[in-house]
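Hi everyone, thanks for coming. Let me put the structure up on the screen, and then we can walk through it together.

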Amino acid sequence: MIEKIRNYVWAPIEKIRNYEWSRYKKEKFKGLKNFDFSIITSNCVGAVIYHDLGMPFLSPTINLTIGMNDLVKFAENLNWYLEKEIVEIKGDYEYPTGMLEDIRINFVHYNSFEEGIQKWEERKKRINMDNLFFMGSERGDCTYETIQHFDKLPYTNKVIFTHIEYPEIKSAYYIKGFDEEPQLGNLLEFKSQFLKRRYLDDFDYVSFFNSAI
């Protein structure tokens, strides 16, 4: 009985939250003025942004993860790495995994290595080298030195999300809520509040993309 009452009360509230969330994403798209950007990321942040904006995936770094130190190497010599072949790593892994020379690619949202490679090859042909955006996260193997290295990459449009403030790092963007943690949490998680907002939504990525125009 209590569960039925809870569902009865919560259902219309959830309907309102979902409606507002849908409107929120539509308003973001309305503010977008840059439509052919390529996001190079270390995790699924880029894929979620593309999806929310209803944009095509103009990047191979979709539905996969790359360690932050490897992402920096990838960005430093992007054209060279994009010409190389990803070789499958055999072993007891949770997901299909490969090596792009000395960079490990984790195809976390693919059913097979072959599927991941197919999408990688397909999407890397769509990259707009004249409209690149780099997004990193202070997670995993990311150290302060990694953040410094990322900040020195020769690209204007870059941001690295961090769990504490680094005022000396120009490309760092502090995400509140993880100060007591050893690293940044999952940016794609929704906050505990009435309006549906992820930690990622603290960052105005529409203005970030529009800044290149």
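A quick word on ground rules. This is a predicted model, so to speak of local features we need pLDDT of at least 70, and side-chain atom pairs count only at pLDDT 80 or more, while totals for chains, interfaces and linings use all residues. Residues are numbered from 1 along each chain as its sequence is written, and side-chain values use heavy atoms, with hydrogens and water left out.

Let's start with the sheet. Helices (H or I, at least four residues) and strands (E, at least two) are DSSP runs, numbered from the N terminus, and two strands pair if DSSP finds at least two bridges between them. Here 4 strands make an open, parallel sheet, in the order 1-5-6-7. Which strands stand at the edges? Those are strand 1 and strand 7 (172-174), each with a single partner strand, so one side of each has no neighbour in the sheet. From one strand to the next, the twist averages 25°; angles run from 0 to 180 degrees between N-to-C directions, with axes being lines fitted to C-alpha atoms, for helices over the stretch in contact.

Further in, strand 5 pairs with strand 6 (residues 158-162) in the parallel sense, over 4 bridges. If you look at Ser-137, you'll find Phe-161 of strand 6 opposite. Now the helices: helix 2 lies across strand 1 and strand 5, at about 150° to strand 1. Helix 3 also packs on the sheet, touching strand 1, strand 5 and strand 6 (contact means heavy atoms within 4.5 Å), and its direction makes about 160° with that of strand 5.

On to the cores. By nonpolar core I mean a set of buried Ala, Val, Leu, Ile, Met, Phe, Trp, Tyr and Cys residues joined through side-chain atoms within 4.5 Å, where buried is under 20% relative accessible area, exposed over 50% and partly exposed in between, with a 1.4 Å probe and protein chains only. The largest core has 31 residues, and Phe-74 and Ile-105 touch the most other members. Helix 3 gives the most to this core, with 5 residues. Apart from it there is another core, of 26 residues, including Ile-49 and Phe-208.

Rings of Phe, Tyr and Trp (its six-membered ring) pair if their centres lie within 6.5 Å; planes under 30 degrees apart are stacked, over 60 edge-to-face, and the rest tilted. That gives 23 aromatic pairs. One of them is Phe-37 with Phe-209, stacked at 4.0 Å centre to centre and 10° between the planes. Phe-37 is in the loop between helix 1 (2-31) and strand 1 (38-41), and Phe-209 is in helix 7 (residues 205-210), so the pair ties together parts 172 residues apart in sequence. Both Phe-37 and Phe-209 are buried.

Charges join in too: one sits over a ring if NZ of Lys or CZ of Arg is within 6 Å of the ring centre and within 35 degrees of the ring normal. Lys-28 lies over the face of Tyr-205, 4.4 Å from the ring centre, and Arg-197 has its charged end over the ring of Tyr-24, 3.6 Å from its centre.

Finally, is Asp-52 buried or exposed? Asp-52 counts as buried, because its relative accessibility is 13%. Asp-52 lies in helix 2 (residues 45-53). Leaving aside residues up to four places away in sequence, Asp-52 touches Trp-21, Lys-25, Arg-198 and Tyr-205.
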